[in-house]
Structure formats: C-alpha cells, structure tokens
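These are my notebook entries on one structure, written while I went through it.

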Amino acid sequence: MTENDQGSAPSRQRKRFPGISSRAYEHPADRSALVALRKLSGFDTVFKALSGLLPERSLRLLFLSDSVRVSDAQFTHLNDMLRDACHILDLEKVPPMYVTQDPKPNAMCIGLDEPIIVVTTGLVELLDEEEMRAVVGHEVGHALSGHSVYRTVLLFLTGLALKVAWIPLGNVAITAIVTALREWFRKSELSADRAGLLVGQDVRASMRGLMKIAGGNHLHEMNVDAFLAQAEEYEKAGDLRDSVLKILNVLPRTHPFTTVRAAELKKWAESRDFQRIMDGHYPKRTEDKDTSVTDAFRESAGHYAETVRTSKDPLLKLVGDIAGGAGDLAGDLGGRLRNRFGGGQGDKSAQGGKAAEGERGTSTDGTDGDGGDTGSTGSTGSTGSTEK
C-alpha cells in the first residue's frame with residue numbers, strides 16, 4: 001500500500017509496524033483462543049457452511065441502504081483515519097466503513113467473508129480527532145485479528161437464543177455457548193484497545209475516549225487519574241458478596257467496564273511488551289503458522305494465575321490464598337510421604353542411622369548406606385515445598 005493510498009498525512013508523525021502480527025497486541029486469553037481456532041482442522045469449512053445461515057448479506061445491504069459509507073466524498077476525516085490506521089498496522093485491504101444514525105456511542109467490526117466497520121453518529125459527535133483515531137484503530141485491530149467472524153457468530157447466536165427461549169434444553173445449550181463467547185468477546189475488546197493505542201500512539205487520548213464513553217461530553221468535569229482510581233476502587237472494594245455481584249454484572253456484557261478497560265490499557269502502555277513493539281520488535285504475520293497452541297494456552301494460564309495472585313478483589317484473593325495454601329499443603333504432604341514411603345528399607349536404615357548417631361556418634365551403615373538416600377529424598381521434599 002503506497003503513501004498516496006493512505007489519504008492525507010496525519011497531523012503528527014506516527015510509527016508504522018510493517019508485517020505486524022495481531023499476536024503482538026492480543027490479550028493472552030484472546031490470543032490462545034484465536035491460535036486454537038486457526039489451527040483447528042476444518043474450522044474455515046464449517047464457518048463457510050454456517051455463513052449461509054447467517055444474515056451477513058442482509059447486514060451489508062442494510063448498512064449500504066440506510067447508512068453513510070465513509071469515502072473520499074463522505075466523512076472524509078474518518079476516511080483519512082481509516083486509511084492511516086490500516087497503513088500503520090499494515091492491513092492491506094481497507095475494510096468498508098459506515099456511519100449509522102444512532103445517538104448511543106458505539107462501534108463494531110462484523111462480517112464473515114470480509115470485515116465491515118460501523119460507527120454511530122453518537123460516537124462521531126462525542127469524540128475529538130485523536131480520540132476517534134484510537135477508536136478507528138481499535139476496529140482495524142479487530143479486523144486484523146479476525147475477530148469479525150466470531151463477533152458475527154455471537155450476534156447470530158444471541159438472536160437465536162431469544163428465538164428458542166421456549167425450548168428449555170435448546171436455550172440452555174445456546175446460552176452456555178453465548179456466555180463463553182461473551183467472555184472471549186470481552187478479552188478481544190482489551191486486545192483491540194491495545195491496537196487502538198498502537199494506531200493513535202497517544203495514551204491520554206485513548207483514556208479520554210473511554211472517559212467520554214462512560215460520562216459523556218463533559219471532559220472539563222472529568223480527570224484521567226481520578227477515573228483510573230475508580231478502577232482500583234472497583235477491584236478491591238467490598239467483600240465476597242460484592243465479588244459475586246461483579247461477576248453477575250459482567251456476565252451479560254460484551255464489553256468490559258470502561259474503568260477496567262482504562263486501567264488495563266494503562267498497564268499495557270507501561271509494559272515492556274508495548275515498548276518493544278514501539279521499538280520495532282514484534283512478531284510478524286509470516287510467523288503465525290508456526291505458533292504453538294500449547295504455548296498460547298500456557299501463556300493464557302499464566303496470565304490468569306498472575307491475575308489471581310495480584311488481584312485485590314476479595315474473591316480472587318481468597319482463591320489465591322486457597323490455591324497457595326493447597327500448594328504448600330501438597331508440598332509438605334508430598335515431602336512427608338516421600339520420607340515415609342520413598343525409601344522402603346531405607347527408612348529403617350535411616351532410623352537406625354539416627355539412633356546410632358545419637359548413641360554412638362558414628363555408624364557406617366546408617367551414614368553411608370540407605371540413610372544417605374533417605375536424607376536426599378527428604379531434602380527434595382523440602383525443596384518442592386519451597387517452590388510451591
């Protein structure tokens with residue numbers, strides 16, 4: 001894609017990431033799910049067959065007939081942002097983008113065969129240029145990650161769940177799938193927020209955009225640091241009852257809460273991973289085929305373990321304490337069992353060695369024979385306990 005294809009130059013110079021893989025900015029939980037789906041044999045065939053059931057063509061015709069398509073002639077400032085975002089993330093084919101009349105601020109990237117981006121008039125009127133640039137980058141990030149396919153499926157299944165609500169077992173099955181997809185969906189939003197930051201390269205603008213989505217166009221009445229403090233208060237406030245209420249509140253949502261998104265984005269912006277990308281060190285798309293599903297799941301599991309370990313939420317702290325206590329107990333019990341049963345006759349020899357050491361000070365059999373092995377086993381048990 002040439003520089004001329006990108007429209008007018010941005011208001012300030014931004015770094016570009018040629019050949020960047022979406023794995024560079026994807027949240028660990030989002031990345032592990034995507035790697036597994038991409039590796040799944042026959043997955044594309046299944047979705048192509050499913051596309052005949054989904055109203056994708058209807059959606060495209062609907063936006064084409066009842067929305068405004070962004071172009072060189074319409075919403076030119078959004079068109080320039082879109083091309084600029086695709087240039088920065090090296091997305092070769094610029095997806096079509098539509099503005100639809102809706103006072104509620106929103107944006108989405110949907111489509112099975114090809115992604116399309118839709119933004120509402122409420123969002124366009126709410127955000128300034130740099131805030132909107134981050135949102136456009138957010139949606140281009142969805143397109144690069146291939147999120148539009150699974151998001152379209154979620155929209156379809158959510159509608160289907162309403163239609164079969166009268167069928168008890170059918171509704172339960174679809175609701176379970178929708179709940180799982182929503183959990184992935186929320187993590188995919190964190191990924192796309194990171195993509196938006198890579199495009200806008202202005203963390204304060206990203207924060208302002210999230211604040212406006214939460215509190216409207218009253219920026220003079222809001223403060224980024226105070227907004228982030230809300231996220232910390234939300235995480236650690238209350239007792240176990242509040243933790244359960246948080247879970248119940250977030251389950252029906254497709255997006256994380258805005259304060260949580262802001263805190264997560266700030267944390268990533270200050271991380272070594274973000275700095276490495278900005279320095280030009282990031283995974284490339286040409287390497288995607290060599291990615292390991294096992295490694296992706298291991299990273300995802302590690303992320304959740306770290307989240308539990310560092311969380312200030314009362315329920316997660318309890319889970320971490322229980323897990324830590326269980327680990328210490330297992331390590332201690334393992335050491336005791338190895339000491340008791342690991343040596344067989346060695347236990348008796350060890351006991352004899354200890355008795356001899358206590359009574360006579362020396363014993364060739366007790367010190368140099370089986371007793372030495374038992375002592376080694378006991379040391380291993382102690383080390384295992386420490387590692388837990």
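**Entry 1**

I looked up arginine 16 and found it partly exposed at 32% relative accessibility. My cut-offs are under 20% relative accessible area for buried, over 50% for exposed and partly exposed in between, with a 1.4 Å probe and protein chains only. This is a predicted model, in which local features need pLDDT of at least 70 and side-chain atom pairs pLDDT 80 or more, while totals for chains, interfaces and linings use all residues. Residues are numbered from 1 along each chain as its sequence is written, and side-chain values use heavy atoms, with hydrogens and water left out.

Which residue does the side chain of arginine 16 meet in a salt bridge? I found aspartate 90, at 3.0 Å from N to O. I count a salt bridge when a side-chain nitrogen of Lys or Arg is within 4 Å of a carboxyl oxygen of Asp or Glu. Aspartate 90 sits in the loop between helix H4 (76–88) and strand S2 (97–100), and arginine 16 in the segment before helix H1 (28–39), so the pair ties together parts 74 residues apart in sequence. Helices (H or I, at least four residues) and strands (E, at least two) are DSSP runs, numbered from the N terminus. Aspartate 90 itself is buried, at 18% relative accessibility.

**Entry 2: the salt bridges around arginine 133**

I next took the pair of aspartate 84 and arginine 133, a salt bridge whose closest N and O atoms are 3.0 Å apart. Aspartate 84 belongs to helix H4 and arginine 133 to helix H6 (residues 129–145), so this bridge ties together parts 49 residues apart in sequence. Are the two partners buried or exposed? Aspartate 84 is buried, with a relative accessible area of 7%, and arginine 133 is buried too, with 4%.

Arginine 133 also meets the side chain of glutamate 130 in a salt bridge, at 3.6 Å from N to O. Both of these residues lie in helix H6, 3 residues apart, or about one turn of the helix. Glutamate 130 is buried, with a relative accessible area of 15%. By the same rule the count comes to 13 salt bridges.

**Entry 3: helix H9 against helix H12**

How do the axes of helix H9 (residues 203–215) and helix H12 (residues 258–269) cross? They come within 9 Å and cross at roughly 175°. Axes are lines fitted to C-alpha atoms, for helices over the stretch in contact, and angles run from 0 to 180 degrees between N-to-C directions. H9 and H12 are therefore roughly antiparallel, a label for angles over 145 degrees.

From H9 the contact uses Val203, Ser206, Met207, Leu210, Ile213 and Ala214, and from H12 Thr258, Arg261, Ala262, Leu265, Lys266 and Ala269. Contact means heavy atoms within 4.5 Å. I sorted these residues into 8 nonpolar, 2 polar and 2 charged. Ala, Val, Leu, Ile, Met, Phe, Trp, Tyr, Cys and Pro count as nonpolar, Asp, Glu, Lys and Arg as charged, and the others, Gly among them, as polar.

I checked two residues of H12 separately. Arginine 261 lies in this helix and is buried at 8% relative accessibility. Leaving aside neighbours within four places in sequence, arginine 261 is in contact with His138, Glu189, Leu190, Asp193, Leu210, His255 and Pro256. Alanine 269, also in helix H12, touches Leu197, Val203 and Phe274, not counting residues up to four places away in sequence.

**Entry 4: positive phi**

Most residues other than glycine have a negative phi. I noted two residues with a positive value.

- Glutamine 201 has a phi of about 55°. It is in the loop between helix H8 (168–200) and H9 and is buried at 17% relative accessibility. Its C-alpha is 9.6 Å from that of alanine 269, although the two are 68 residues apart in sequence.
- Phenylalanine 75 has a phi of about 45°. It is in the loop between strand S1 (68–69) and H4 and is partly exposed at 30% relative accessibility.

**Entry 5: the chain as a whole**

The protein chain has 18 helices and 4 strands. Of its 388 residues, 40% count as buried.

How values were computed:
Parallel < 35°, antiparallel > 145°, perpendicular 65-115°, else oblique.
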